[in-house]
Amino acid sequence: MSTFKAPKGTYDLLPPASAEYLAVREAIAAPLRNSGYGYIETPGFENVELFARGVGESTDIVTKEMYVFETKGGDRLALRPETTAPVLRAVLEANLHKAGNLPVKVWYSGSQYRYERPQKGRYRHFSQVGAEAIGAEDPALDAELIILADQSYRALGLRNFRILLNSLGDKECRPVYRAALQDFLRGLDLDEETLRRAEINPLRVLDDKRPDVQKQLADAPLLRDYLCDACKTYHEEVRELITAAGVVFEDDPKLVRGLDYYTRTTFEFVHDGLGSQSAVGGGGRYDGLSEMIGGPSLPSVGWALGVDRTVLALEAEGIRLDIPSATSVFAVPLGEEARRILFAKVTELRKNGVAADFSYGGKGLKAAMKAANRSGARYALVLGERDLAEGVVQLKDMESGEQTAIGVNEIVAELESRLG
Ligand code: HAM
């Protein structure tokens, strides 16, 4: 064993389990690709100010969880704790938001970094697949994103997840609510830090998980009673559209998210088999974010689904994804000349698009056949001394165990026809 270990709060994705992660990413990406979202990739780090301004100075993400560092050139950067602000930064920088081009619909997949206290489902390095629709205020866009996330979870076979939906209002009605909530919070018996939070970011207090705080919050004013007419109408339309699509959701008037950029529609996907880290995904509208980072008004909406937690949710429901073996043919040479011939055949098969692997390291028949089994290959090709003399190779069907001798020169064509 090496003297080094993966850093605290991280883990390695190793084969064969890693195939499940790839399949989850693909299952989330497929409905997006199918709905006009283009792939975007941004750097793993950004100017720290992008997150301070975008995600919010008083959020846990910015105050406690960012990996911040200074480069030799003196730039202050942060490993990205999320990718919505970077995506918007990239879209603005590349001028993708020209009129006529809106909404800009993009999806991404990648690592995120948050210095959190590690526990099951909560890591310091984790992975998200996300989607952002930038530059349009249209309830159908909010609905589209919720429907697509629901579709990808269903395609994975997940059933025990719930969608929580809320509206956080806009710059008209939220301040009125904020003041009312602050008045209410000032009258409670709260510790000093929570009272401080109530002054800076009162909505976050609603998210306090401590039972004694939750009990006091039972009669807290709710944003839904303060929504202005425009927000109410917008929210009603989102609800109607997703209902018409057959998506089941729960209204959660206390749902607030841990990022400050949200306005109007907010939602979270929670899974009931995951214990305390139950949010498998979340998102919402962020109509003011572009202006917060120096851009024009670009009302937008998006979500990110956590790949790590989605894999845990699959485990919790006992779902094993049907991942076909990557290898179709496994070649087993016995002896030096057989090695040269079979290696050439494997290369030819690969060139022709057949997934093939080879027994390396001069293994004997028994060990090599074990490797062939492990590879999940449909066929093994065995070439021994006697076969060489006869100009044939043994083609073994790994499922039925049936073995046929095929001419060395015919084997590639034979395999191609058998594998369709
Ligand atoms: P978020 O709710 O902070 O939203 O993260 C989205 C998902 O990432 C969570 O629901 C969870 O599954 C996963 N996640 C977050 N932190 C961790 C962690 N420490 N370990 C494992 N998984 C984690 C955002 O990031 C927003 N950018 C989403 C968004 C996109 N809003 C609009 N557009």
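Select Lys370. Lys370 is exposed because its relative accessible area, 56%, is over the 50% cut-off. This is a predicted model. Lys370 sits in helix H14, which runs over residues 365–375. Together with Lys370, they form a positive surface patch.

Next, go to helix H16, residues 411–419. Which residues are buried in H16? Pick Ile411, Val412 and Leu415: these are the buried ones to look at. They lie on the same side of H16, because they cover an arc of only 100° around the axis. Look down that axis, then turn to the other side of H16. There, Ala413 and Ser417 are exposed.

Move to strand S9, residues 263–271. Two residues are worth a click.

- Glu268 is in this strand. Is Glu268 buried or exposed? Its relative accessible area is 15%, under the 20% cut-off, so Glu268 is buried.
- Arg264 also lies in S9. Its relative accessibility is 8%, so Arg264 counts as buried. Check the backbone too: phi of Arg264 is near 50°, a positive value in a residue other than glycine.

Draw a C-alpha to C-alpha distance. Glu268 and Glu116 are 20 Å apart in space. In sequence, 152 residues separate the two.

Now the backbone stops. Most residues other than glycine have a negative phi, and most peptide bonds are trans. The next picks depart from that, so show backbone atoms.

Select the loop between helix H4 (84–93) and strand S5 (104–113). Pro103 is found in this loop. What kind of peptide bond joins Leu102 and Pro103? The bond is cis, with omega about 0°.

Stay in the loop between H4 and S5 and pick Asn95, which lies there as well. Phi of Asn95 is near 60°, again positive in a residue other than glycine. With 43% relative accessibility, Asn95 falls between the cut-offs of 20% and 50%, so it counts as partly exposed.

For the last stop, go to the segment before helix H1 (18–33). Pro16 lies in that segment. Zoom in on the bond between Pro15 and Pro16. This peptide bond is cis, and its omega is about 5°.

How values were computed
Residues are numbered from 1 along each chain as its sequence is written. This is a predicted model: local features need pLDDT of at least 70, side-chain atom pairs count only at pLDDT 80 or more; totals for chains, interfaces and linings use all residues. Side-chain values use heavy atoms; hydrogens and water are left out. Patches are made of residues with over 30% relative accessible area and no salt bridge: like charges are joined within 9 Å, nonpolar side chains (Val, Leu, Ile, Met, Phe, Trp, Tyr) within 5 Å. Accessible areas come from the Shrake-Rupley method with a 1.4 Å probe; for residues, only the protein chains shown count as cover. A salt bridge is a side-chain nitrogen of Lys or Arg within 4 Å of a carboxyl oxygen of Asp or Glu. Lys and Arg count as positive and Asp and Glu as negative; His and the chain ends are not counted. The place of a charge is taken as NZ of Lys, CZ of Arg, CG of Asp or CD of Glu. Helices (H or I, at least four residues) and strands (E, at least two) are DSSP runs, numbered from the N terminus. Buried means under 20% relative accessible area, exposed over 50%, partly exposed in between (1.4 Å probe, protein chains only). The arc is that of the directions from the helix axis to the C-beta atoms.
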